[in-house]
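Trainee: I've just opened this one and would like to go through it with you. Could we put it up and start with a loop?

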Amino acid sequence: MVSDAESLEVIRNRIKDYPDFPKPGVLFRDIFTLFHEPKLVNSIVSMMADHISKTHGQVDIIAGIESRGFLFAVPLSLQLSLPFVPIRKKGKLPGETENIDFQLEYGTDTLEIQKNSIKNGQKVVIIDDLLATGGTLDGSCKLVEKVGGIVSTCLIVMELLALKGRAKINTPLHSLLKYP
């Protein structure tokens, strides 16, 4: 049996780095390479499910942040037999939506969620692939709370510690991989 620490080391080694993408000075860590080995994605989803069951008890909703967060949130919701709720950029969801503007490093953006997708008091886990400066995750937490949900925790595949995004998040946060 392989330990979580051993699995995470294999996962870390499979994530490909692209220097200067999408612009000079940025080191892009590509999670799509993990999907060449489905067992690695299954390991991530299982670790997230274990974390939820061990530390957060009853959860009602799994929310995923557009778009790479969906890749982990949907299989997690299926594994836990919980509803999935997407959090998307403005104009991407049909029907009535609730939105929130949030601060990016250079400017603002808008996130949306479908109205009535989360009921008052439901406990929500928010999933994303990456925590960098924290603007999108902070906006997502505030949006879930705006529609009446309670953010139990945020689960992230990769966290870039140097960008200090964790400091913006006022709910429990767990990242599987941390990069300096």
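Trainee: Where does lysine 115 sit?

Mentor: Lysine 115 lies in the loop between β6 and β7 (123-131), where strands (E, at least two residues) and helices (H or I, at least four residues) are DSSP runs numbered from the N terminus. Bear in mind that this is a predicted model, in which local features need pLDDT of at least 70 and side-chain atom pairs count only at pLDDT 80 or more, while totals for chains, interfaces and linings use all residues. Residues are numbered from 1 along each chain as its sequence is written, and side-chain values use heavy atoms, with hydrogens and water left out.

Trainee: Is lysine 115 buried, exposed or partly exposed, and why?

Mentor: Lysine 115 counts as partly exposed because its relative accessibility is 37%; buried means under 20% relative accessible area, exposed means over 50%, and partly exposed is in between, with a 1.4 Å probe and protein chains only.

Trainee: Which residues is lysine 115 in contact with, leaving aside its neighbours within four places in sequence?

Mentor: With those neighbours set aside, lysine 115 is in contact with Glu96, Thr97 and Glu98, contact meaning heavy atoms within 4.5 Å. As for glycine 91, which is 24 residues from lysine 115 along the chain, the two C-alpha atoms are separated by 14 Å.

Trainee: Changing topic, which strands does β3 pair with?

Mentor: β3 (residues 61-65) pairs with β4 (residues 84-89) in the parallel sense over four bridges, and β3 also pairs with β7 in the parallel sense over four bridges; two strands pair if DSSP finds at least two bridges between them. On the β4 side, isoleucine 65 stands opposite isoleucine 87, and in β7 the residue opposite alanine 63 is isoleucine 126.

Trainee: How does the chain cross from β3 to β4?

Mentor: The chain passes through helix α3 (residues 70-80), and this β-α-β crossover is right-handed, which means that, with the strands pointing away from the viewer, the path from the first strand over the helix to the second runs clockwise.

Trainee: And what covers the picture for β3, buried or exposed?

Mentor: Five of the five residues of β3 are buried. In a regular strand the side chains alternate between the two faces of the sheet.

Trainee: What about β4 and β6, parallel or antiparallel?

Mentor: β4 and β6 (residues 107-114) pair in the antiparallel sense over two bridges, and the bridge partner of lysine 89 in β6 is leucine 111.

Trainee: Stepping back, how many helices and strands does the chain have?

Mentor: The protein chain has four helices and nine strands, and of its 180 residues 45% count as buried. Along its principal axes, the C-alpha trace spans about 40 × 40 × 30 Å.

Trainee: What does the UniProt record say?

Mentor: An unreviewed UniProt entry carries the annotation "domain: Phosphoribosyltransferase" over residues 36-156; its positions are given in the numbering used here, feature names are shortened, and annotations may be inferred rather than shown by experiment. Over residues 36-156 the chain is 34% helix and 36% strand, with the end C-alpha atoms 20 Å apart.
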